[in-house]
Amino acid sequence: MPYPYVLLSAAVSLDGFLDDTTPERLLLSSPADFDRVDEVRASVDAILVGAGTIRADNPRLLVNSPERRAARVAAGQPPYPLKVTVSGSGELDPQANFWHTGGAKALYTTDEGAERARALGIAADVVPLGPRLDWRRLLEHLHDELGVRRLMVEGGGTVHTQLLRQGLADELQLVLAPLLVGDPDAPRLFGPGGYQGGRLRLVETRRIEDVVLNRYEPTAPGAGPLPVAADRHWLALACELAERCPPSKTAFSVGAVIVAADGTELARGHSREAGDPVVHAEEAALAKLDRADPRLRTATVYSSLEPCARRSSRPAPCARLILDAGVRRVVTAWREPDTFVTEADGTGLLTAAGVDVLVLAECEERAKAPNRHLV
Ligand SMILES: NC(=O)c1ccc[n+]([C@@H]2O[C@H](COP(=O)([O-])OP(=O)(O)OC[C@H]3O[C@@H](n4cnc5c(N)ncnc54)[C@H](OP(=O)(O)O)[C@@H]3O)[C@@H](O)[C@H]2O)c1
Ligand SMILES: [Zn+2]
């Protein structure tokens with residue numbers, strides 16, 4: 001289930017287009033920004049584009065700087081990141097630059113597309129994903145089978161739209177170029193249709209010659225049992241809060257954050273906060289909210305440790321408090337060990353009441369760090 005960190009990278013015109021409708025590729029970035037893109041490419045394990053971009057632009061997708069390639073090799077990586085493309089049809093030009101430059105290549109496709117691509121003699125590791133292309137399976141395969149931890153996605157709009165819409169993008173690096181395309185038939189970065197959640201978080205803005213780079217992170221939690229990229233960010237914050245707890249030999253250090261469906265942080269808490277020697281993280285966070293707050297019913301509780309099912313210090317365990325608050329989704333990093341109570345099954349209590357509980361094991365080590373002396 002762990003996915004790579006997914007970084008979407010694109011440049012758009014002031015009127016939001018990725019390209020014009022002429023056969024030549026429209027240059028949106030400035031030279032210094034192309035160099036920045038080269039630096040980002042050098043920092044990832046793989047670069048992905050859709051088959052549409054290969055057809056339209058015939059890109060090479062290389063790390064152009066010899067120094068950056070040498071630094072990768074010195075760090076034990078191949079000089080070029082893996083190049084990845086997706087195609088449903090498998091209708092690809094075997095002569096395209098994509099296949100004949102740089103290092104290893106992988107094509108994710110459908111069963112039918114794989115047959116077509118093999119018949120065409122496409123020079124890549126062809127991975128059929130069944131009758132349809134599933135992005136979660138693709139990311140899982142990249143992570144588990146090809147060792148990809150950081151993935152840069154360089155378009156086009158069809159690919160960016162799906163990854164953002166499905167909550168699979170960890171970051172968007174958007175460059176705004178000072179020109180107008182003005183052609184309604186030109187391709188847009190993000191297509192029409194529903195996007196989950198509300199505002200993205202602006203994490204950086206940088207002027208690069210005459211373009212502006214904006215970096216955004218999605219904040220909206222998922223709505224069900226499947227993790228989205230924003231879940232990782234919020235759980236990481238819960239783990240950070242756990243590190244701020246006053247130390248204890250008799251209780252865990254835990255952090256918790258409650259986040260509304262649109263990505264608004266509603267409350268946070270940590271163990272033993274504000275001089276209360278027994279308060280738990282989820283309890284402390286919930287206490288800051290009005291029980292009647294309608295946003296709780298669609299909120300997600302992030303807790304570095306699974307909510308407790310039994311405790312001696314207070315009558316109600318955190319799993320009960322979460323149920324009473326009407327919360328339907330919990331994301332945690334770590335199941336409670338038998339240190340203080342046996343069969344501490346907070347997850348069981350919550351799931352029996354219909355709550356979706358996700359355990360993101362990739363955050364487990366971080367959640368355990370302030371509790372090393374207890375396990
Ligand atoms: N300004 C920029 O930063 C930038 C960056 C990249 C691209 N672009 C521009 O974007 C345009 C291309 O964008 P695009 O949206 O047409 O193409 P795209 O996103 O690069 O690729 C779309 C293709 O990918 C495959 N695909 C994607 N999702 C799929 C799914 N769920 N199931 C099966 N197949 C899937 C399909 O291939 P098959 O058709 O083979 O089935 C689909 O036609 C070009 O004009 C290019 O210049 C601009
Ligand atoms: Zn508790």
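**Salt bridges and a zinc site**

A: E171, E204, R206 and R215 are linked in a network of salt bridges (a salt bridge is a side-chain nitrogen of Lys or Arg within 4 Å of a carboxyl oxygen of Asp or Glu). This is a predicted model, where local features need pLDDT of at least 70, side-chain atom pairs count only at pLDDT 80 or more, and totals for chains, interfaces and linings use all residues. Residues are numbered from 1 along each chain as its sequence is written, chains are lettered from A and ligands numbered from 1 in the order in which they are written, and side-chain values use heavy atoms, with hydrogens and water left out.

Q: How far apart are the closest N and O atoms of E204 and R215?

A: They sit 2.6 Å apart. E204 is in strand 8 (residues 201-208) and R215 in strand 9 (residues 211-217), so the bridge ties together parts 11 residues apart in sequence. Helices (H or I, at least four residues) and strands (E, at least two) are DSSP runs, numbered from the N terminus.

Q: Is E204 buried or partly exposed?

A: Partly exposed, at 21% relative accessibility. Buried means under 20% relative accessible area, exposed over 50%, and partly exposed in between (1.4 Å probe, protein chains only).

Q: OK, how many salt bridges in the whole structure?

A: The search finds 26. One of them joins R314 and E283 at 2.8 Å, N to O. R314 lies in the loop between strand 12 (300-303) and helix 10, and E283 in helix 9, so that pair ties together parts 31 residues apart in sequence. E283 counts as buried at 13% relative accessibility, while R314 is partly exposed at 26%.

Q: Switching to the metal: which residues are the protein donors of the zinc ion?

A: For the zinc ion (ligand 2), they are H280 (ND1), C308 (SG) and C318 (SG), at 2.0 to 2.3 Å. Donors are N, O and S atoms within 2.8 Å of the metal (3.2 Å for Na, K and Ca); water is not among the atoms, so sites may look incomplete.

Q: And how are the donor residues spaced in sequence?

A: As H-x27-C-x9-C. H280 is in the loop between strand 11 (265-270) and helix 9 (281-286), and C318 is in helix 10 (residues 318-324), so those two tie together parts 38 residues apart in sequence. C318 is buried, with a relative accessible area of 0%, and H280 is partly exposed at 23%.

Q: What does UniProt list for residues 229-343?

A: The unreviewed entry has "domain: CMP/dCMP-type deaminase" there; UniProt positions use the numbering here, feature names are shortened, and annotations may be inferred rather than shown by experiment. In the model, that span is 23% helix and 17% strand.
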